[in-house]
Amino acid sequence: QSTVTILRGGIMAGLRLTCMSSHFTLEIEISDTGCETCEEIVKLVFSENQRVTSGGAFVDQRIKAKIAEMTNVKSDDITLEGSEFSVTVPMCTAKANQAILAMQPKLIRNGISVNETLDQYN
């Protein structure tokens with residue numbers, strides 16, 4: 001299953017702690033021709049399954065920080081659109097990243113999921 005879980009919580013009026021679990025799926029958008037070289041740039045798209053609007057910018061910053069740590073990029077390089085966080089990296093970076101591989105990402109070409117794996121690319 002291609003999900004990762006981030007737990008988040010907050011203290012309300014010093015009396016109660018609310019924890020929420022966010023599940024993310026990972027898709028890797030590849031070019032029309034696939035990735036012929038390891039240096040080709042791919043887009044990693046982390047989608048939150050059930051986006052919770054509470055927490056606002058603080059929660060978004062924490063999620064960006066976690067993705068930045070996981071992908072070895074700067075938080076400022078990560079974009080947020082709706083419930084999707086995305087960043088671009090070279091294919092070889094994605095292939096060598098154990099955290100990315102552990103999410104069992106789906107490969108996407110032209111908006112369609114393809115029956116391929118990262119191992120198939122040089």
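A polar contact is a pair of N or O atoms within 3.5 Å; within protein, one must be able to donate a hydrogen and the other to accept it, and residues adjacent in sequence count only if both atoms are side-chain atoms. This is a predicted model, in which local features need pLDDT of at least 70 and side-chain atom pairs count only at pLDDT 80 or more, while totals for chains, interfaces and linings use all residues. Residues are numbered from 1 along each chain as its sequence is written, and side-chain values use heavy atoms, with hydrogens and water left out.

**View 1. Ser 47 and its polar partner.** The side chain of Ser 47 makes a polar contact with that of Glu 84, at 3.4 Å. Ser 47 belongs to strand β3 (residues 41–48); strands (E, at least two residues) and helices (H or I, at least four) are DSSP runs, numbered from the N terminus. With a relative accessible area of 11%, Ser 47 is buried (buried means under 20%, exposed over 50%, partly exposed in between, with a 1.4 Å probe and protein chains only). Beyond its neighbours within four places in sequence, Ser 47 is in contact (heavy atoms within 4.5 Å) with His 23, Phe 24, Thr 25, Ser 83 and Glu 84.

**View 2. Along helix α1.** How far apart are the end C-alpha atoms of helix α1 (residues 56–71)? They are 23 Å apart, which agrees with the 22 Å that its 16 residues should span at 1.5 Å a residue (the expected span is 1.5 Å times one less than the number of residues). Among the buried residues of α1 are Val 59, Ile 63 and Ile 67. Just after α1, look for Asn 72, which takes a positive phi of about 60°.

View 3. Glu 69 and Lys 66 join their side chains in a salt bridge, 4.0 Å from N to O (a side-chain nitrogen of Lys or Arg within 4 Å of a carboxyl oxygen of Asp or Glu). Because they are three residues apart in helix α1, about one helical turn separates them. Glu 69 is exposed at 56% relative accessibility, and Lys 66 is partly exposed at 41%.

**View 4. Glu 116 and Arg 109.** Here a salt bridge brings the closest N and O atoms of Glu 116 and Arg 109 to 3.2 Å. Glu 116 is partly exposed at 24% relative accessibility, whereas Arg 109 is buried at 18%. The whole structure holds two salt bridges.

**View 5. Confidence in the model.** The protein averages a pLDDT of 79 (the predictor's confidence in each residue, from 0 to 100). Where pLDDT is low, the predicted coordinates should not be read in detail.
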